[in-house]
Amino acid sequence: MSSITLRQELVDELATRGHLTDPAWRAAVEAVPRELFLGDAVFRPDGTRWKPLRRNALGDEEWLRLAYSDSTWVTQIDGIGAAEASGPLSGRPTSSSTLPSLVVRMLELAGVGAGEKVLEIGTGTGYSTAILSHRLGDRLVHSVEYDPELAGSAAQRLHSAGYFPDCVVGDGLRGHQNGADYHAIIATCAVRSIPPSWLWQLHDGGSITTTISGWMLASGLIRLALDEEGVARGRFTGDPVTYMLARPHERPPRPTFYQHPGSTRRTDIAPDLLDDWTAHFVAQLGAPSAELTRSSDGGAALVDVASGSQAWTEPDGDGWQVHQDGPLRLWDQVEDALTAWQEQGSPDQAAFGMTVTEWEQTVWLGDPDDGPRWRLPT
Ligand SMILES: C[S@@+](CC[C@H](N)C(=O)[O-])C[C@H]1O[C@@H](n2cnc3c(N)ncnc32)[C@H](O)[C@@H]1O
């Protein structure tokens, strides 16, 4: 089957599933050849490793099917591109082509329309940049990529597809002052909190569409609108979506974890509650500097590298006990946050919102002025 037929099938599938409602974005997805932006190799998960998958090994037809599946394709692991990898790699994905349904979800959520200027953070392969350029025109699209090699190949692929947006190499957490002011900033990498430069570079009434994540890798998608006083506010959508963290917001390297007995008590919070999308997000709000790992017995461990604090659970009859060590009582923090959420009836993530000023960023539950609230690390 040809690229055009497969692309049309993808567009129809996205529209049927309700992901593509705006005809102008539909036309853009119909026009942009995703295979061009994937290059000649991607990674697929292989147990705990990532195995390169090459176009010439798959054959053209299978490769096009891969390109037009509604899947994220990882293109770089710890800075090594799929085409350069000689075999499976262990490590973290550092770039990918986001699944098309999420690309259009972000664009539709951002609510940008003709004549509006956009700053995209995380050019990656350039696929989403091409969709923006098709819809808005090159002049209104600016895109920043941290990794110079990725930025170079994305620019080349954009040019060969006939798009010439402003592609910039740099840290998108600083925005891109030369193109300001923007009607919308759209981040295709996650942030722990909103960089102040994004507020400063927005047009009055502009918006920021991003995922808020953190070191537990919990995530929430949000669109924030900027008011005339320079305060951005919005509610989380509740979509279960994740992006890789912006590189300067990534977790610090974690040394080998040794369980210290510390002080021990029973806990009423069973660690498997953290499998719930919203509970995981709430736990991260409660202990934003902690990383979370799960153990094969269903338990949980929290580690804060900077302070050396840790907490870990152990089965205890029909319940759990928790051991906490170090200056921060990480499990107490998580338990307090989860208890506050449970006292409100354990609502879905869409009940949470966020307020961002130049000085403080808070996530609140229910009522912005009168509900539980947590400060984000800035
Ligand atoms: C999920 S990928 C982008 C997907 C891309 N928009 C697409 O559709 O192909 C995230 C990208 O964000 C980039 N990135 C991470 N931190 C960044 C930062 N601080 N500034 C700009 N780009 C960043 C990564 O290098 C990676 O290429």
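I began with Ser 133: leaving aside neighbours within four places in sequence, Ser 133 is in contact with Asp 138, Val 141, Tyr 163 and Pro 165. Contact here means heavy atoms within 4.5 Å. A note on what I am looking at: this is a predicted model, where local features need pLDDT of at least 70, side-chain atom pairs count only at pLDDT 80 or more, and totals for chains, interfaces and linings use all residues. Residues are numbered from 1 along each chain as its sequence is written, and side-chain values use heavy atoms, with hydrogens and water left out.

**Entry: Ser 133**

I found Ser 133 in helix α7. Helices (H or I, at least four residues) and strands (E, at least two) are DSSP runs, numbered from the N terminus. Is Ser 133 buried or exposed? Ser 133 is buried, with a relative accessible area of 4%. Buried means under 20% relative accessible area, exposed over 50%, and partly exposed in between, with a 1.4 Å probe and protein chains only.

**Entry: helix α8**

Next I looked up α8, which runs over residues 148-160 and has 13 residues. From first C-alpha to last, α8 reaches 18 Å, close to the 18 Å expected at 1.5 Å a residue. The expected span is 1.5 Å times one less than the number of residues.

Which residues of α8 are buried? They are Leu 150, Ala 151, Ala 154, Ala 155 and Leu 158. They cover an arc of only 130° around the axis, so they sit on the same side of α8. The arc is that of the directions from the helix axis to the C-beta atoms. I kept this rule in mind: an α-helix has 3.6 residues a turn, so residues three or four places apart point the same way.

On the face turned away from the buried side I found the exposed residues Glu 149, Gln 156 and Ser 160. Among the elements covering the buried residues of α8 are α3 (34-38), β5 (93-97) and α7 (127-136).

At the start of α8, a side-chain oxygen of Asp 147 reaches to within 2.9 Å of the backbone nitrogen of Glu 149. Just after α8, Gly 162 takes a positive phi of about 95°.

**Entry: charges over rings**

Last, I looked at rings. Arg 192 lies over the face of Trp 215, at 3.6 Å from the ring centre, and Lys 117 lies over the face of Tyr 182, at 5.7 Å. A charge sits over a ring if NZ of Lys or CZ of Arg is within 6 Å of the ring centre and within 35 degrees of the ring normal.

Notes. Polar contact = N/O pair within 3.5 Å; in protein donor to acceptor, adjacent residues only side chain to side chain.
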